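Subject: Handover of a structure and the findings from it

Dear colleague,

Please find below the structure that I am handing over to you. The findings follow directly after it.

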Amino acid sequence: MSQKNQTLGEFIIENQSSFKYTSGELSRLINSIRLAAKVVNHEVNKAGLVDIIGAAGDTNIQGEDQQKLDVYANEKFIQTLTNRNIVCGIASEEEDDFISINSQDENNNNKYVVLIDPLDGSSNIDVNVSVGTIFSVYRRVTPVGTPVTLEDFLQKGSQQVAAGYVVYGTSTMLVYTTGAGVNGFTLNPAIGTFYLSHPDMEFPENGKIYSVNEGNYIHFPQGIKNYIKYCQMEEGDRPYTSRYIGSLVSDFHRNMIKGGIYLYPKSSKNSNGKLRLLYECNPMAFLAEQANGKASDGFTRILDIEPTELHQRVPFICGSKNMVVKAEEFMRLAE
Ligand code: P6P
């Protein structure tokens, strides 16, 4: 049983034996994400002071303006994971294609691939609202020692061996799972150490918060419209409270602590929704299920979706189990 105020390093060592692949490689991977998170956190915290905010001028494969902090965070996570020779491949929201690590090195016996959204919610950067990093880890499925292929990245979310996020908020937290529950670590910036502040995090089965961009209401499927009206109805424990930060990591984190549901449905504007399956929905769905929550596209469990493209998008409904079940009921009734 983990105890509060344990450092992340102590926690990793103590729990390494409980991880079925006890090679220590995954522990080193989490440690490298910890390092990159501290480096990015330092820049995020001074974004308003130096000319590092504002668009970098380029646009990523999503057609979104790349904020300089997006580019910086992407570089730092890729650099940290590459230099420590821990993974054999990386995919990122900011990279059109996946990156094969040390594919020329026949000694590259690394067996993990990492998929990242290096700075989710980046449109919030220059208005001083929380942003986050999301990561997802798989064991490769192609032979060790050969260059990774797209097959290593297009795995179902149920095959993840680890997933987590960093939320750069009023405090910086690293929240992750290796399949044995969800634990949250808060950074003490004075000494650069993450401490276990939220052991065994769980979604309350019910909640009173719903998170959706209601500006898209008229474009939503009828089932989602009906669910939103259900949340707003004066009945029983309703109306619920609407809270939408515009940063998935922040909305997810608050809902996990307080109880709630996050929805990014498909719409007539986004036929598959906006969020990306591989490096946003799958890791958050793995965390949700490990925290007694639920995640679906309205009909299918997110972790069961067979990926077809690196940057594919899916509708995303995630949070307190009974709230997601209710939303799915409205989706089925409206079919
Ligand atoms: P909208 C950020 O770009 C993001 O991917 C999520 O973090 C966030 O919840 C959502 O998109 C916000 O999108 O269309 O409501 O601004």
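A polar contact is a pair of N or O atoms within 3.5 Å; within protein, one of the two must be able to donate a hydrogen and the other to accept it. Please bear in mind throughout that this is a predicted model.

**Glu25 and its surroundings**

The side chains of Glu25 and Lys111 make such a polar contact, at 2.7 Å. Glu25 lies in helix H2 and counts as buried, because its relative accessibility is 8%. Leaving aside neighbours within four places in sequence, the residues in contact with Glu25 are Ile86, Asn109, Asn110, Lys111 and Tyr112.

Helix H2 covers residues 25-45, and Val44 is also placed in it. Val44 is buried, with a relative accessible area of 16%. With neighbours within four places in sequence again set aside, Val44 is in contact with Leu69, Leu119, Val131 and Tyr168. The C-alpha atom of Val44 is separated by 7.9 Å from that of Ile125, although the two residues are 81 residues apart along the chain.

**The sheet**

In what order do the strands of the open sheet follow one another? There are eight of them, in the order S4-S3-S5-S6-S7-S8-S9-S10, and the pairing is mixed. Strand S4 (99-100) and strand S10 (193-198) each have a single partner strand and stand at the edges, so one side of each is left without a neighbour in the sheet.

The individual pairings may be described as follows. Strand S3 (residues 89-92) pairs with strand S5 (residues 112-120) in the parallel sense, over four bridges; here Ser92 stands opposite Ile116 in S5. S5 and S6 run antiparallel and are joined by seven bridges, with Asp120 opposite Gly132 in S6. Seven bridges also join S6 to strand S7 (residues 162-168), and this pair runs antiparallel; Val137 has Ala162 in S7 as its bridge partner. Strand S6 (residues 131-139) is largely enclosed by the rest of the structure, because eight of its nine residues are buried.

Helix H1 (residues 8-16) lies across strand S8 (172-177), strand S9 (183-188) and S10, and runs at about 10° to S8. Helix H3 (residues 68-83) contains Asn74, which counts as buried at 5% relative accessibility. Not counting residues up to four places away in sequence, Asn74 touches Ser92, Glu94, Glu95, Ile116 and Pro118.

**The ligand**

Which residues surround the ligand? They are Asp120, Gly121, Asn213, Tyr244, Gly246, Ser247, Leu248, Tyr262, Tyr264, Lys274, Leu275 and Glu280. In the side chain of Tyr244, an N or O atom is 2.6 Å from an oxygen atom of the ligand. The corresponding distance is 2.9 Å for the side chain of Lys274 and 3.4 Å for that of Glu280. Taken alone, the ligand exposes 400 Å², of which the protein buries 82%.

Leu248 is among the residues around the ligand and is also one of the buried residues of H5. Helix H5 (residues 248-258) has nine buried residues out of 11, so it is largely enclosed by the rest of the structure. The buried residues are Leu248, Val249, Ser250, Asp251, Phe252, His253, Arg254, Asn255 and Met256. Gly259, which follows H5, has a positive phi near 95°.

**Backbone features in the loops**

Most residues other than glycine have a negative phi, and most peptide bonds are trans.

- Asn85, in the loop between H3 and S3, has a positive phi of about 50° although it is not a glycine. Asn85 is partly exposed, with a relative accessible area of 33%.
- Asn128, in the loop between S5 and S6, is likewise not a glycine and has a positive phi of about 60°. At 73% relative accessibility, Asn128 counts as exposed.
- The peptide bond from Arg238 to Pro239 is cis, with omega near 10°. Pro239 is placed in the loop between helix H4 (222-232) and strand S12 (241-242).

With kind regards

Definitions and conventions. Residues are numbered from 1 along each chain as its sequence is written. This is a predicted model: local features need pLDDT of at least 70, side-chain atom pairs count only at pLDDT 80 or more; totals for chains, interfaces and linings use all residues. Side-chain values use heavy atoms; hydrogens and water are left out. Two strands pair if DSSP finds at least two bridges between them. Helices (H or I, at least four residues) and strands (E, at least two) are DSSP runs, numbered from the N terminus. Contact means heavy atoms within 4.5 Å. Axes are lines fitted to C-alpha atoms, for helices over the stretch in contact, and angles run from 0 to 180 degrees between N-to-C directions. Buried means under 20% relative accessible area, exposed over 50%, partly exposed in between (1.4 Å probe, protein chains only). A residue is near a molecule or strand if one of its heavy atoms lies within 4 Å of it. Accessible areas come from the Shrake-Rupley method with a 1.4 Å probe; for residues, only the protein chains shown count as cover.
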